[in-house]
Amino acid sequence: MKDCLLYISWDPSLEAFHIGPIAFRWYSLCWLIGLALAYLVVKKLYKSQKIPDEKFDPLFIYCFLGILIGARLGHCIFYQPEYYLTSLNGFIEMLLPIQHTAEGWKLTGYEGLASHGGTLGIILALLLYVKHKKVPLWQVLDNIAIATGITACFIRLGNLMNSEIIGSVTSVPWAFEFVQRDGLPRHPAQLYEAIAYLLLFFIMLWLYRRQPKRVGTGFYFGLCLTYIFTFRFFVEFVKKEQVAFEQGMPLDMGQLLSIPFIIVGAYYMWRAMKCKNV
């Protein structure tokens, strides 16, 4: 029996269901599920740390807007600046979930979100949250970091359902044939990342139960950045380039953008591990 018989022919519908004329995409549902699960995790962490509910309640809005705005701007600026920053239509599409077609403007949702931009966006949003709600910065960052893996996992599952961020052509028996792209057997890079980030989530919970006093030192924040972007750096080697200018580059844009996050994360882990009281 040939290995190719084990290949997975991947051709899911982009839409999960309809309510009247409104279609709900798998990608959007995965985002919402990931954020909702993180919301529940952080709410429990806040409760165990005796942080008042009135300080927790606005956190979801800050995180949602920070991730969405940062991820959208990150994709447009890092990956397609020649389109989004050089025309009025492109600038409008960068800010609003619409696209200009031959028939006019069409509601499409945001097509293109970058994890590096989302990370920067949520960090900036949390800085605003801390300033307004007077919650210790490192306590907030560590709590969010503990829950980040579950959200990242579902976002990559959404990418899988969209048949986007696909891997390079391969002959491994678990290859996916992305019918909506080119039908060639490719590494399911989205699934690799989803599994890695789910593992990070369980590692974080295990560490928190063993060392809850590390919350507030920056340890979990540093571990989150180091783990995610180190894995992101190496998984890029089995990904198809996302944009044309990456062809021929020794390191692609995702790898170049990951390096600063790895350095920052390693620094904050090292700094937290020097603390004598945890």
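**View 1. Phe 176 and Arg 186 face each other across a strand pair in the predicted model.** Arg 186 belongs to β7 and stands opposite Phe 176. The strands concerned, β6 (residues 176–178) and β7, are paired in the antiparallel sense over two bridges.

**View 2. An open sheet is built from three strands.** The strand order is β1-β6-β7, and the pairing is mixed. Because β1 (8–10) and β7 (185–186) each have a single partner strand, they stand at the edges, and one side of each is left without a neighbour in the sheet.

**View 3. The largest nonpolar core comprises 51 residues.** Within this core, Tyr 46, Leu 59 and Tyr 220 touch the most other members. Two or more residues are given by each of α1 (26–48), α3 (59–78), α6 (115–133), α7 (137–161), α8 (189–210), α9 (219–235) and α10 (253–273). The largest share, eleven residues, is that of α7. A second, separate core has six residues, among them Trp 10, Leu 160, Met 161 and Ile 166.

**View 4. Tyr 46 and its contacts are shown.** Apart from neighbours within four places in sequence, Tyr 46 is in contact with Ile 51, Lys 55, Phe 56, Leu 59, Tyr 129, Val 135, Val 140 and Asn 143.

**View 5. Helices α1 and α3 pack against each other.** Their axes lie 11 Å apart at an angle of about 140°, which makes α1 oblique to α3. The crossing of α1 past α3 is right-handed. From α1, the contact is made by Trp 31, Leu 35, Tyr 39, Val 42 and Tyr 46; from α3, by Leu 59, Phe 60, Phe 64 and Ile 67.

Conventions: Residues numbered from 1 in each chain as written. Predicted model: local features only at pLDDT ≥ 70, side-chain atom pairs only at ≥ 80, totals over all residues. Heavy atoms only, no water. Pairing = 2+ DSSP bridges. Helix = DSSP H or I, 4+ residues; strand = E, 2+ residues; numbered from the N terminus. Core = buried A, V, L, I, M, F, W, Y, C linked by side-chain atoms within 4.5 Å. Buried < 20%, exposed > 50% of the residue type's maximum accessible area, 1.4 Å probe, protein only. Contact = heavy atoms within 4.5 Å. Axes fitted to C-alpha atoms, helices over the stretch in contact; angles between N-to-C directions. Parallel < 35°, antiparallel > 145°, perpendicular 65-115°, else oblique. Left-handed = near helix turned anticlockwise from the far one by under 90°.
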